[in-house]
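Please keep the sequence and the model in view while reading.

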Amino acid sequence: MHAFPKNSSSAVSIVPRCDEAGTIRLPPIGEHRIVVHASSATWSVCMETGARHLRRAGDIDLVPAGETGGFVAEAICRSLEVRLPPNVLQRAADENGHVGRRASLHMRHVMRNERIVYLAQALEQERQAGGPAGAFYAEAVGLAIAAQLMDQVRMQAVNRVGLSERRLRRLVDFIEAHIDRTLTIATLAREAGASGSHLRQSFKLATGITLHRYVMQRRVERARLLLVETGMSASEAALSTGFSHQSHMARWMRRELGSTPRELRTNPSLGGR
């Protein structure tokens, strides 16, 4: 791994990573880490919460300065790690009208923000070119990334009352227990104690993905296990995991895992195992 620029920790920098399958530890450092995943699809387990995630290209993990991050990856994992000094985040906060307020971030997993992905890729292209634009370019990109992060922090603060950690845990448990059933937004909203529109927005802010995609990911993972570990037929697996029909399951497996049910049964490792 080679950082750019090659100067002190007070500068915005980027580190391309290629980690082998297994435990990936991110020890505490003085900068905020914005880890943009570049692998097509990698199943992983968060070391902080024990939750299992499918990390896809463009998914973002956020590790605040001074905190330990990491996960256990089930396959080779490629990513771009942007290192953002706290003073750059503070400057972005000040320039956005939050003068005098201490800018801070919280740990986030599988977050989505297309602008941050684009900016990280631009910084990596500059690194590959040998850094002709210099540290000023890296700082400008870093400020743009920081501004995006502050916008997400602001949105989280506005919606925090909508879905507490307790309600989120109850909702996730409900989805797991009823994955074989039709889960409408009205049903999930009643379980979470929120309106449908508020639940959609609050869930995405809390998890980084839409509620619909989360439910479909859980259906895909449960179906994958049934196909690989029990030998259940594709039609039975689809019925047991709430898909409307077998082809519906196959489309979502292709989208999330890059493999069809038949390919998974022939080669179980394709699904992330």
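Does Glu 81 count as buried or exposed, and at what relative accessibility? At 0% relative accessibility, Glu 81 counts as buried, where buried means under 20% relative accessible area, exposed over 50%, and partly exposed in between (1.4 Å probe, protein chains only). The structure is a predicted model, in which local features need pLDDT of at least 70 and side-chain atom pairs count only at pLDDT 80 or more, while totals for chains, interfaces and linings use all residues. Residues are numbered from 1 along each chain as its sequence is written, and side-chain values use heavy atoms, with hydrogens and water left out.

**Overall make-up**

- The chain has 10 helices and 9 strands, taken as DSSP runs numbered from the N terminus (helices H or I, at least four residues; strands E, at least two).
- Of the 273 residues in the chain, 47% are buried, and the accessible surface comes to about 13400 Å², with 52% of it belonging to carbon and sulfur atoms; such areas come from the Shrake-Rupley method with a 1.4 Å probe, and for residues only the protein chains shown count as cover.
- Among contacts with a separation of 6 or more, 70% are between residues 24 or more positions apart, a contact being heavy atoms within 4.5 Å.

**Salt bridges**

- The structure holds 17 salt bridges, each defined as a side-chain nitrogen of Lys or Arg within 4 Å of a carboxyl oxygen of Asp or Glu.
- One of them joins Arg 17 to Glu 81, with the closest N and O atoms 3.1 Å apart; Arg 17 lies in strand S1 (residues 13-19) and Glu 81 in strand S8 (residues 77-84), so this pair ties together parts that are 64 residues apart in sequence.
- Arg 17 and Glu 81 are both buried, and Glu 81 also meets Arg 83 in a salt bridge (2.6 Å, N to O).
- In helix H7 (residues 211-230), Glu 221 and Arg 224 are 3 residues apart and thus separated by about one helical turn; their salt bridge has its closest N and O atoms 3.0 Å apart, and both residues are buried.
- Through shared partners, salt bridges join Arg 17, Asp 19, Arg 33, Glu 81 and Arg 83 into one network.

**Helix H5**

- In helix H5 (residues 185-192), the buried residues are Leu 188, Ala 189 and Ala 192.
- These residues cover an arc of only 100° around the axis, which puts them on the same side of H5, the arc being that of the directions from the helix axis to the C-beta atoms.
- The buried residues of H5 pack against helix H4 (165-177), helix H6 (196-207) and H7, and just after H5, Gly 193 takes a positive phi of about 70°.

**Cysteines**

- The count of disulfides is 0, a disulfide being a pair of cysteine sulfur atoms within 2.5 Å.
- For Cys 18, the closest cysteine sulfur is that of Cys 77, at 8.5 Å, which is too far for a bond.
- Cys 18 is partly exposed, with a relative accessible area of 46%, whereas Cys 77 is buried, with a relative accessible area of 2%.

**Thr 42 in strand S4**

- Thr 42 has its place in strand S4 (residues 41-46) and, at 3% relative accessibility, counts as buried.
- Leaving aside residues up to four places away in sequence, Thr 42 touches His 53, Leu 54, Arg 55, Ala 73, Glu 74, Ala 75 and Ile 76.
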